[in-house]
Amino acid sequence: MNKTFLKTPLGTATIEGDKNGISRVSITQDNTEVSLEVPKELAPAVKQLQEYFAGKRTIFDLTLNPEGTDFQKKIWKLLQNIPYGKTSTYKELTNEFGNPLAIRAVAAANGKNPLWILIPCHRVIGSDGSLTGYAGGLWRKKWLLEHERPEKQQVLFI
């Protein structure tokens, strides 16, 4: 398993994977040194995450290989259908999954997402529009949603 570290506006991203795909992307606030040499299997992920943070990428084109249960993987596939700049709710996800009573299980699978940003669990909000729990911290979730918002707030006064 290869590993590399990437500085982002939200902290240091740890990217892990091998020839079978990207298996984990996580974020920390520590001062881990940025990797000077990126393993070739991880280079596309590093490039695409840099483009995402620069506002030049809205869709990731990577082979993903997360570890999880079959149920979790089904939910993570559903999360990948939430378009950039849009949000969904847990209720909408459970309906799309086909079991409206599975809301707690869907929320738990969302919380176990091992691929930060690549599987956009940050795009799931409460039915009332509130920002609900986020493993990376609600401030990061808010930042990501604002970053993806199609219309950025303009300065009203100069």
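What covers the buried residues of H2? The cover includes H3, H4 and E5.

## Basis of the model

The model is predicted: local features need pLDDT of at least 70, side-chain atom pairs count only at pLDDT 80 or more, and totals for chains, interfaces and linings use all residues. Residues are numbered from 1 along each chain as its sequence is written, and side-chain values use heavy atoms, with hydrogens and water left out.

Helices (H or I, at least four residues) and strands (E, at least two) are DSSP runs, numbered from the N terminus.

## Helix H2

Gln-72, Ile-75, Trp-76, Leu-78 and Leu-79 of H2 are buried (under 20% relative accessible area; exposed is over 50% and partly exposed in between, with a 1.4 Å probe and protein chains only). These residues lie on the same side of H2 because they cover an arc of only 155° around the axis, the arc being that of the directions from the helix axis to the C-beta atoms. Asp-70, Lys-74 and Lys-77, on the other side of H2, are exposed.

## Helix H4

In H4, the buried residues include Val-106, Ala-109 and Asn-110. Their arc around the axis is only 105°, so they sit on the same side of H4. Arg-104 and Gly-111 are exposed on the other side of H4. The buried residues of H4 pack against helix H2 (70–79), helix H3 (90–97) and strand E5 (124–125), where contact means heavy atoms within 4.5 Å.

Ala-107 also belongs to helix H4 (residues 103–111). It counts as partly exposed because its relative accessibility is 27%. Its C-alpha atom is separated by 9.4 Å from that of Gly-133, 26 residues apart along the chain.

## Packing of H3 and H4

The axes of H3 and H4 are 9 Å apart, and the helices pack at an angle of about 105°. Axes are lines fitted to C-alpha atoms, for helices over the stretch in contact, and angles run from 0 to 180 degrees between N-to-C directions. H3 and H4 are therefore roughly perpendicular to each other (65 to 115 degrees; under 35 is roughly parallel, over 145 roughly antiparallel and the rest oblique).

From H3, Tyr-90, Lys-91, Leu-93 and Thr-94 meet Ile-103, Val-106, Ala-107 and Asn-110 of H4. By class, this contact has 5 nonpolar, 2 polar and 1 charged residues. Ala, Val, Leu, Ile, Met, Phe, Trp, Tyr, Cys and Pro count as nonpolar, Asp, Glu, Lys and Arg as charged, and the others, Gly among them, as polar.
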